[in-house]
Amino acid sequence: MKRIKIKELLATAPTGQPVAVHGWVRSFRNSQFISINDGSTLQNLQAVVELNALGEDTLKRITTGACISVSGDLVASLGKGQAVEVKVKNLEILGDCDPEAYPLQLKNRPSLEYLREIAHLRSRTNTFSAVMRVRHAMAFAVHKFFNDRGFYYIHTPVITGSDAEGAGAMFRVTTLDPAKPPLDDQGHIDYKEDFFGRETNLTVSGQLEGETYALALGEIYTFGPTFRAENSNTTRHLAEFWMIEPEMAFYDIQDNMQLAQDFLQFLTRYALDNCAEDLEFLNKRALEEDQAKPQEQRSELTLIDRLKFVAENDFQRLSYTEAIDILRNSNPNKKKKFQFLIDEWGTDLQSEHERYLVEKHFKKPVILYNYPANIKSFYMRQNEDGKTVAAMDVLFPGIGEIIGGSQREERYDRLVKRVKELGLPEKDLWWYLELRKYGSAPHSGFGLGFERLILFVTGMTNIRDVIPFPRYPGNAEF
C-alpha cells in the first residue's frame, strides 16, 4: 500500500478506508496509543493498537524516536485533539531507537544551545521542523516573486578571484602545500603554481558577476551560498550563509527601493498565507520566550503582528541626513541611552539606531538612502553633492538592516577614480570596469541575507538556529 503523508491524512474525511503511514514515534502510551510524526506537519497522527495484538518484543521496540510503518483503517478519533486516527492492523519497526541514549526525550526540553551540538537530530523537534518548513516556503516564494516578474535566475561562481565588498574577509581556496608553498622571486607565494593559476577565494557576494548578466538580460537574480571569514561570534552573523541578490538594468535608486519593498511585502504575505500552522506555533514560542525577559526588553508586537506590520504598511523613505537629525535629537541620544551616541554626520548607523527609527519614531519599516560615500562600497553611484552615494538600506522591526543595496556606478571614469582612491586592484576588476566601456547603462541592485529574513519570519533570536548546519568561528561540525 502506498504511503500517505500525515498532513494529507489529517485533512481527510475518515470512512474506515485503508491507509499506510511511515514516521517517527513521538510517544507511546498505555501500550496502545502511538503518536507518529513524519515531518509533513507540526501535528502528530495517533495510531491505536489493539491490546495484545502485538508481541512483547515488538512493543518494547516502539520507543520515542523509533521509525515505524503502520497500516490500518482511518477512522474518526474518539480522543481530544485530533479528528482522525489509524486503527492499526500491521506495524513494522523500520529503525530502532535506544530510549536510554536518545537525547530528545519528551520529559526534557533541551536548550537551543544544546540542540546546536546535536544538529543532526534537532530537525526532529517541533521548533526546528517548523523553522525549516518556513525556510523552504520562503525559498520557494523568492523564486516565485522573481519568476513572476520576468527575472532570470543566474548561478554566479562560488570560487572567485574578486572581493566584491573590498573587505578582505575571505576564505582562500588553494591546492598548494601550506607547509611548503612555491615562492616567486620576491619571496611571495607564487599563485601561478596554484590550481587556478591565481589567488582565489570563496565568494562574499555574487553581485559583480550578476551585474554582467543584468547588462545583457535586463533583470536577473542570484540566490546562493556566500562566505565571510569574519571572527564574529554574534547572534546575527554566520561564516556561511545564503544571499539573494537581484540586479536590474535601467533601474535608478527609486526603482530599487520600490522593488525591495514589493519583495519583502510579498514574502511576508506569502508566509502569513502559507505557513499559518507553523507560524502560530512559533508565535506562541516567541511569546513564552518574551515573558522570561525584563519588561523593557519585551517586544511590543507579537511575531504575527510584526509580519502584518511589514505586509500592510508602506515603508517610510528618508535620507541618511534626515535620519541623523532625528537620531541626534532623540531622547535616547540626549539621555545617553544609546550605546553608540550620534554626534556628527558621517557616522555608520548601528542596529540600535536603525531599530529606534523603525520601532519608536516612525513605527513602520524604513528605507534610508543617500549615505556618506566614505562608509559605503566602491561600486555605488556617486551623487552630485560629492559627499554621498545612491545607497539604500531597508530597516525592519526587531532586526535592523535586512536589505542593503544601491544604484551602481555606471560611469567609467567615476568608477576608475573611486577604485584608485580606495587602492583596489584594477587588474582583478578589469572585466567589471569594462562593463562601463561597452554599452554601459544605469542599473541597480540589492542583497538580502536569507537567514536574516528567516530570523524575522520565524521570530528566532539566533541566526545559528535558522540554517540546517551553522558555520561560525570554531565550528564546522556535521
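Domain 1 and domain 2 bury about 500 Å² between them, 44% of it on carbon and sulfur atoms; buried area is the accessible area (1.4 Å probe) that two parts lose on being put together, summed over both. The model is predicted, so local features need pLDDT of at least 70 and side-chain atom pairs count only at pLDDT 80 or more, while totals for chains, interfaces and linings use all residues. Residues are numbered from 1 along each chain as its sequence is written, and side-chain values use heavy atoms, without hydrogens and water.

**The two domains**
- The protein chain is assigned domain 1 (6–95) and domain 2 (126–168 + 204–465), with bounds from an automatic or database domain assignment.
- The domain centres, taken over C-alpha atoms, are separated by 45 Å.

**Where the domains meet**
- Contact (heavy atoms within 4.5 Å) joins 6 residues of domain 1 to 7 residues of domain 2.
- There are 0 salt bridges between domain 1 and domain 2, a salt bridge being a side-chain nitrogen of Lys or Arg within 4 Å of a carboxyl oxygen of Asp or Glu.

**The nonpolar core**
- The largest nonpolar core has 119 residues, of which Met138, Met392 and Val394 touch the most other members.
- Because domain 1 and domain 2 both give residues to this core, it lies between them.
- Such a core is a set of buried (under 20% relative accessible area, 1.4 Å probe, protein chains only) Ala, Val, Leu, Ile, Met, Phe, Trp, Tyr and Cys residues joined through side-chain atoms within 4.5 Å.
- Beyond four places away in sequence, the residues that Val394 touches include Phe315, Val366 and Ile402.

Key: Buried < 20%, exposed > 50% of the residue type's maximum accessible area, 1.4 Å probe, protein only.
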